[in-house]
Amino acid sequence: MPEGDTVFRQAAVLHGALAGRELLTSDFRVPAYATVDLSGRAVERVIARGKHLLIEFGDVTVQSHLKMEGTWHVYARDSHGGRVQWRRPAHTARCVLRTAQHEAVGFSLGELHVLTPAEEREKLAHLGPDPLGPDWDADEAARRLLASPRRSIGVALLDQRNLAGVGNVFRSEICFLAGVLPSRPVADVPDLARVIRLSEKLLQVNRLRSRRCTTGDPAAGPPYWVYGRGSRPCMRCGTRLSRGELGEAELRRAAVADRVIYFCPSCQS
Ligand SMILES: [Zn+2]
């Protein structure tokens with residue numbers, strides 16, 4: 001599932017291919033932007049902000065959110081102008097940006113907008129500090145988390161207004177590594193600063209990995225301590241892991257996969 005690390009990595013790949021390059025063509029395959037034409041414009045930079053991917057042209061930004069299935073691919077174009085073979089079905093392409101050297105294709109994007117700088121600021125204004133961003137501020141993250149002290153930490157970590165970029169996989173892993181039950185209210189977390197440090201660390205170490213891993217060694221065993229391992233033994237204590245759903249109305253409206261959280265009833269309290 002794409003989280004801040006995935007978006008950071010994809011933005012870096014897109015930046016490497018597109019920054020400073022002029023688009024020969026653009027193709028938006030969503031009704032709202034079907035007539036937008038960015039050909040002749042040069043990409044200034046591609047950055048991630050939380051789970052949003054931003055392709056900036058200066059006076060306009062292509063903003064996308066990968067949600068569950070989305071991904072961006074970059075393909076090298078051959079010098080003969082031949083058709084590039086995509087690794088995802090063509091009918092799932094939502095945006096195609098071509099330069100002389102590359103073709104960048106956004107597949108199954110959960111969200112795609114073409115925004116002015118003012119619209120971009122408004123769209124992202126709610127986001128909290130981003131552990132992978134230049135403006136990362138751990139104290140501000142703590143302040144935001146504590147603004148709703150009775151909320152469970154498992155729900156609060158998923159709220160992008162607190163920390164931008166943490167998703168469903170990381171919140172389970174962060175709570176496990178911090179030894180805190182996801183249902184524990186934020187105000188009752190013994191060491192909230194540690195939870196925030198773990199969030200930053202997990203996103204940082206995974207931002208350039210092609211396969212996400214929270215256990216320290218991507219080559220050895222399962223990549224996660226608890227996520228997706230419900231009813232299997234805890235790798236630390238052997239207790240059978242649990243999975244649960246946190247009960248906030250806003251999460252009940254979310255996709256099922258977004259509600260499920262995993263934990264060890266013995267390592268976490
Ligand atoms: Zn355990």
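Good morning. In sequence, the residues that donate to the zinc ion follow the spacing C-x2-C-x26-C-x2-C. Two of them, Cys-234 and Cys-264, stand 30 residues apart and link distant parts of the chain. Cys-234 sits in the loop between helix 6 (192-206) and strand 9 (242-245), while Cys-264 belongs to the segment after strand 10 (260-263). Please keep in mind that this is a predicted model.

Which atoms hold the zinc ion? The protein donors are the SG atoms of Cys-234, Cys-237, Cys-264 and Cys-267, at 2.3 to 2.4 Å from the ion. The angles that these four donor atoms subtend around the zinc ion run from 103 to 114°, and the arrangement is therefore tetrahedral.

Are Cys-234 and Cys-264 buried or exposed? Cys-234 has a relative accessible area of 5%, so it counts as buried. Cys-264 is buried as well, because its relative accessibility is 0%.

Let us now turn to the domains. The chain is divided into domain 1, residues 4-124, and domain 2, residues 138-263. Their C-alpha centres lie 29 Å apart. Nine residues from domain 1 and 15 residues from domain 2 take part in the contact.

The size of an interface is often expressed as the accessible area lost when the parts come together. Between domain 1 and domain 2, about 880 Å² is buried, and carbon and sulfur atoms give 58% of that area. On the side of domain 1, Asp-5, Arg-9 and Lys-51 supply 55% of the area buried against domain 2, more than any other three residues.

Finally, how many salt bridges cross this interface? There is one salt bridge between domain 1 and domain 2. Asp-5 forms a salt bridge with Arg-212, and their closest N and O atoms are 2.8 Å apart. Thank you.

Definitions and conventions:
Residues numbered from 1 in each chain as written. Predicted model: local features only at pLDDT ≥ 70, side-chain atom pairs only at ≥ 80, totals over all residues. Heavy atoms only, no water. Donors = N, O, S within 2.8 Å, 3.2 Å for Na, K, Ca; no water. Tetrahedral: all angles 85-135°; square planar, octahedral: opposite > 155°, others 65-115°. Helix = DSSP H or I, 4+ residues; strand = E, 2+ residues; numbered from the N terminus. Buried < 20%, exposed > 50% of the residue type's maximum accessible area, 1.4 Å probe, protein only. Domains from an automatic or database assignment. Contact = heavy atoms within 4.5 Å. Buried area = accessible area lost by both parts, 1.4 Å probe. Salt bridge = Lys/Arg side-chain N within 4 Å of Asp/Glu carboxyl O.
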